[in-house]
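These are my notebook entries on what I looked up in this structure, with the cut-offs written beside the terms as I went.

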Amino acid sequence: MLKRFFTTRRVLFFLLLISICFAGYSIYYKIKYWGFSFSPKQVSDVWTIEAHVSFKPTGDPIKVTLTTPSENNNFKILEQDVVAEGYKTKKISGETNKLILTSPAKEKNQDIYYRVMLFDNKEAKGKTKAPAPSAPQPPFYDEQTLATAQNILKSAQKMPGDEVQQIIHLFNQPTPDANVLAFRPLKKNTKDTIESIRNLLALKNIPSRTSRGIKLVEDRKSFSADLMLEAYISGKWKTYNIKDGSIGVPSDFILFQRGGDSLLDVEGGEDSTIKFSVIKSVTSSINLAGKRADIAKQKSWFDYSIYNLPVAEQNVLKWLMIFPLGILITVLLRNIVGIKTMGTFTPMLLAMSLVKTGLVAGLISFGLIMVIGLSMRALLSKLNLLLVPRIAAVVIFVILIMQTFTILGYRFKLDMISAAAFFPIIIMAWIIERASITWEEDGAVNACEEIINSLIAALITYFVINNEIIRHVMYAFNELNLVILFIVMLLGTYTGYRLTELRRFSPIAERD
């Protein structure tokens, strides 16, 4: 009973289910932690932000403190470096990252460059969990200013949104409220506006802070940092756009500094300025997979994957990964459809050659080689040579044919003819030998039928493996080859009629 249960087909079917589950989890893992995609054209934006710090030394020892981006859900740091000749560099990591540069006294004007490369800013949420900050210190106002502030808070309650958005909307009205005009400075700028709103929030006992960051705009040069307002509401720091009151860090915004810390401090220098520039580039998701795995703390698995190999080895494996799919097509055509081909996996190798040569050029080269090769093989058959020397002679003939075609194709600029060099020599010699034997034993019709069937199978395989999406999926998610393995083995247990046999026996079925 137990022996009947553990039949070959059931065991293979069980292994197939396990391989499907394993492949499914592996695909999920690669998409989640390595950033893979089913699309071969999936790319990630890589932003290079350069900060240029300049100042005039005062003759004292110099200390420059620059706030730099820190790792969070908003973006991932790919690479960062600093160019500062004659300076000692020290990095301090924490909730706020800082870059400290020190140097003895200098005389000439100083230029320091900090560069950071970022990617995947699309995950920005704009909400950061943090311990509750201390209550804000209420601003000191005279009676008139305090009354104006209270009137502003009452007017803001009529605006939409939460308590912070209401004040922002009130400040951004096309026709400003009279109290707002009296409250904010005459020469207002974004910094002054944020400071006024923060004072109003302090009256409502809502902690707030100013944040500085960079808006990612391609080829943006020589600009100052942009300002955002953060307020602590419902146990989280929420980021607000001061222009429209929207909540959350925009997908094209990188936060450099949060809270009271200044973006740049210079000791031993004066007239300091910091200007930013932004450059955008793109790279494939697979190229960033190692960095994604490292950030997700899954680097150990990536180190033992084919994607960690040198590019040359990866290019070879890209074609090897598509081989099992071509083999599956050949097995289906032979065991299920029932067509006869020249050899078991000759169609697969021919399809690979067509990918290299191009479809039209490959078919023309294949036809010329077959016609000339069969003619040469017919002459050899009259010499009554032994099997091994005869096949060896056919191989040499094929080599000479390919050499001649390559020279003629280069001489007369005929790429179609020179493409013959990409066909596998041994396979072509074997096809010619096999076709000749079939011709002699079973006739020209059967020989031509096998050649045509081999070409049909090769063409089907060609259109599958030449598809860019299929090639990408089989390379990026190569565990699918394990599923193909057990499907091929399961097909090996099929003992039913082939499709061509159903047609062959159809007269009997019609008579019954």
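**Salt bridges**

I took a salt bridge to be a side-chain nitrogen of Lys or Arg within 4 Å of a carboxyl oxygen of Asp or Glu. The model is a predicted one, in which local features need pLDDT of at least 70 and side-chain atom pairs count only at pLDDT 80 or more, while totals for chains, interfaces and linings use all residues. Residues are numbered from 1 along each chain as its sequence is written, and side-chain values use heavy atoms, with hydrogens and water left out.

I looked up Glu 50 and found it in a salt bridge with Arg 115, where the closest N and O atoms are 2.9 Å apart. This pair links distant parts of the chain, since Glu 50 is in strand 1 and Arg 115 in strand 6 (residues 110-119), 65 residues apart; I use helices (H or I, at least four residues) and strands (E, at least two) as DSSP runs, numbered from the N terminus. For burial I kept to relative accessible area, with buried under 20%, exposed over 50% and partly exposed in between (1.4 Å probe, protein chains only). Glu 50 is partly exposed at 22%, and Arg 115 is partly exposed at 29%.

I then turned to Arg 209, which forms a salt bridge with Glu 230, the closest N and O atoms being 2.9 Å apart.

Lys 30 and Glu 479 make one of them, their side chains meeting at 3.0 Å, N to O. Lys 30 lies in helix 2 and Glu 479 in the loop between helix 16 and helix 17, so the pair ties together parts that are 449 residues apart in sequence. Both Lys 30 and Glu 479 are buried.

**Aromatic rings**

I paired rings of Phe, Tyr and Trp (its six-membered ring) if their centres lie within 6.5 Å, calling planes under 30 degrees apart stacked, over 60 edge-to-face and the rest tilted. The count by this rule is six aromatic pairs. Is Tyr 25 buried or exposed? Tyr 25 counts as exposed because its relative accessibility is 51%, whereas Tyr 29, at 10%, counts as buried.

Phe 38 and Phe 477 are another tilted pair, 4.8 Å centre to centre with 40° between the planes. It links distant parts of the chain: Phe 38 is in the loop between helix 2 and strand 1 (43-57), and Phe 477 is in the loop between helix 16 (468-476) and helix 17, 439 residues apart. Phe 38 is partly exposed at 44%, while Phe 477 is buried at 0%. I noted too that Tyr 25, Tyr 28 and Tyr 29 form one aromatic cluster.

I also checked for charges over rings (NZ of Lys or CZ of Arg within 6 Å of the ring centre and within 35 degrees of the ring normal). Lys 106 lies over the face of Tyr 87 at 5.4 Å from the ring centre, and Lys 318 lies over the face of Tyr 475 at 5.3 Å.

**Backbone entries**

Asn 205, in the loop between helix 6 (190-203) and strand 8 (208-215), has a phi near 65°, a positive value in a residue other than glycine. Asp 271 likewise has a positive phi, near 55°; I placed Asp 271 in strand 14 (residues 269-284), and found it exposed, with a relative accessible area of 62%.
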